[in-house]
Amino acid sequence: MSRTSSESKSSRRVRVLAAAALAALPGLVVAGTPAAAATGLDRTANVVRQSPDESLSAELAEVRDELKRNHRPDALQRKLDGLVEKDGFPAALAAVRDGKGRTRHYTAGVADLATKAEVPVDGRVRIASNTKMFTAVAVLQLVGEGKVDLDEPIETYLPKVVRGKGIDGSEITVRQLLQHTSGLPNYTRWMPSIFKSRNVYRSPQDLLDMAFAHKASFAPGTSWEYSNTNYVLAGLLIEKVTGRPVAEVITDRIIKPIGLRDTYWPGKGDRTIRGRHPQGYASEQPGGKLKDITNLDPSWGWAAGQLIGTPSDLNRFMTALMGGKLLKPEQLAAMKHTMKAPGFPAGWEYGLGLMKMPLSCGGFIWGHGGDIDGYETRNGVTEGGRAATVAVTALPPNEEAHQHVIEAMDTALCAKR
């Protein structure tokens, strides 16, 4: 496109500066909804290259070089860079969705320590305990349909399944399972190292047997303790009431209706992550050498943590949930009824498969988060519909690094741009 002769040098420089600024931003992709890997940055660069004005091209190159020397990425990009450079995560990726559904994508580090491949924008990761939100929604949908009663004992739906020392299914309600007040011991305490068990398939009953070999942590309803065992039972409840596999129920009732194109439940025996994804890493000893742990059998997480997804899909799920697209008002209100969660950061509370977390800039977010060997995610959505998910490709090596991931999520929702 030609420019008129009346265009001033200063106005041209402003346009050039804007174009160069966009072209110089590393790790940042701006997309609409649905999120796209292609960006407007290429289109801006193409317009400049098509100009026959060589002086403008030279000016663009000069300004671009200046920006590269002085460029300071935005606050979230700096946080992600820090997760890689200071905390030692191989990669970090994030998606931030504003109230209008527009999404910004960020990456830092490398997708593969061996090949140094670039981190795929909005790549798939194991979202681990974020699965609990999906499982809780499926149960609450059944509650809304009159097929499950939150205050009915789990024994009603799964007779003679919940048994052990101090453990009796007739004394534990469905609500207590979803809010972690059942007192059931957490089977993951007794899981062997992932390097010894990464290729072992475990059925839901195997997981319950592991848990029920130990006594209850407390009497139902008298305290709070996070336990994956609760959500294995919630998955079995879904299967018993619907007569269908929990993976199918969550896919048909949640994933497909709201268009989560990159979220899926790995099939039995599937140890891979399909599609574009960064590799996940773990060490056999604290502070030890990181080893590729991407491929593993996730059956040990089942309805408590088996799903795979992307940062933008998690944002889409959370905004759909808070927007009333998945649950009736009464069930959503029940899900958001929280209580203190000892052992979690100060101010965090737990509802029914949903956490309420304060923001440093005021207010709070709803979400969950997930940890599995190779990946950690932290995520949340505001009441106004802004959502953010941050993922790293290893579990934090220490508490400081863990806190830095949380701070990155907070920055995504609080920092001014």
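1. Buried residues account for 52% of the 417 residues in this protein, and the model you are looking at is a predicted one. Its secondary structure comprises 15 helices and 16 strands. Counting contacts between residues at least 6 apart in sequence, 69% link residues at least 24 apart.

2. A word on confidence before the details. The protein has a mean pLDDT of 87, with 82% of its residues at 70 or more.

3. S129 sits between strand 4 (125-126) and helix 5 (131-144). Is S129 buried or exposed? Its relative accessibility is 10%, and buried means under 20%, so S129 counts as buried. The S129 side chain makes a polar contact of 2.8 Å with the side chain of K132. Leaving out neighbours within four places in sequence, S129 also contacts Y226, N228, A304, G305, H368, G369, G370 and D371.

4. A128, in the loop between strand 4 and helix 5, has a phi near 50°, a positive value in a residue other than glycine. A128 is buried at 2% relative accessibility. D122 belongs to the loop between strand 3 (103-109) and strand 4, and its phi is near 55°, again positive in a residue other than glycine. With a relative accessible area of 11%, D122 is buried too.

5. Next, helix 5 against helix 10 (residues 228-242). Their axes come within 10 Å and cross at roughly 40°, so the two helices are oblique to each other. The crossing of helix 5 and helix 10 is left-handed. On the helix 5 side, the contact is made by K132, T135, A136, A138, V139 and L142; helix 10 contributes N228, Y231, A234, G235, L237, I238, V241 and T242. Two of these names come up in point 3 as well: K132 is the polar partner of S129, and N228 is among the residues that S129 contacts.

6. Helix 5 also packs on helix 11 (residues 246-255), at an angle of about 80° and with the axes 10 Å apart. That makes helix 5 roughly perpendicular to helix 11. Which residues of helix 5 meet helix 11? They are F134, T135, V137, A138, Q141 and L142, and they face V249, I250, R253, I254 and I255 of helix 11. T135, A138 and L142 are listed in the contact with helix 10 and in the one with helix 11.

7. Helix 10 has a further partner in helix 9 (residues 204-212). The axes of helix 9 and helix 10 cross at roughly 140° and come within 10 Å, and the crossing is left-handed. From helix 9, P204, L207, L208, A211 and F212 meet T229, V232, L233 and L236 of helix 10.

8. At 1% relative accessibility, N315 counts as buried. The N315 side chain makes a polar contact of 2.8 Å with the side chain of T389, and reaches the backbone nitrogen of A388 at 3.5 Å. Apart from neighbours within four places in sequence, N315 contacts A95, V96, R97, A387, A388 and T389.

9. Last, please have a look at P358, which lies in strand 12 (residues 355-358). P358 counts as partly exposed, with a relative accessibility of 40%. Not counting residues up to four places away in sequence, P358 touches A346, G347, W348, G363, F364 and D410. P358 and D410 are 52 residues apart along the chain, with their C-alpha atoms separated by 8.9 Å.

Definitions and conventions. Residues are numbered from 1 along each chain as its sequence is written. Side-chain values use heavy atoms; hydrogens and water are left out. pLDDT is the predictor's confidence in each residue, from 0 to 100. Helices (H or I, at least four residues) and strands (E, at least two) are DSSP runs, numbered from the N terminus. Buried means under 20% relative accessible area, exposed over 50%, partly exposed in between (1.4 Å probe, protein chains only). A polar contact is a pair of N or O atoms within 3.5 Å; within protein, one must be able to donate a hydrogen and the other to accept it, and residues adjacent in sequence count only if both atoms are side-chain atoms. Contact means heavy atoms within 4.5 Å. Axes are lines fitted to C-alpha atoms, for helices over the stretch in contact, and angles run from 0 to 180 degrees between N-to-C directions. Angles under 35 degrees count as roughly parallel, over 145 as roughly antiparallel, 65 to 115 as roughly perpendicular and the rest as oblique. A crossing is left-handed if the near helix is turned anticlockwise from the far one by less than a right angle, and right-handed if clockwise.
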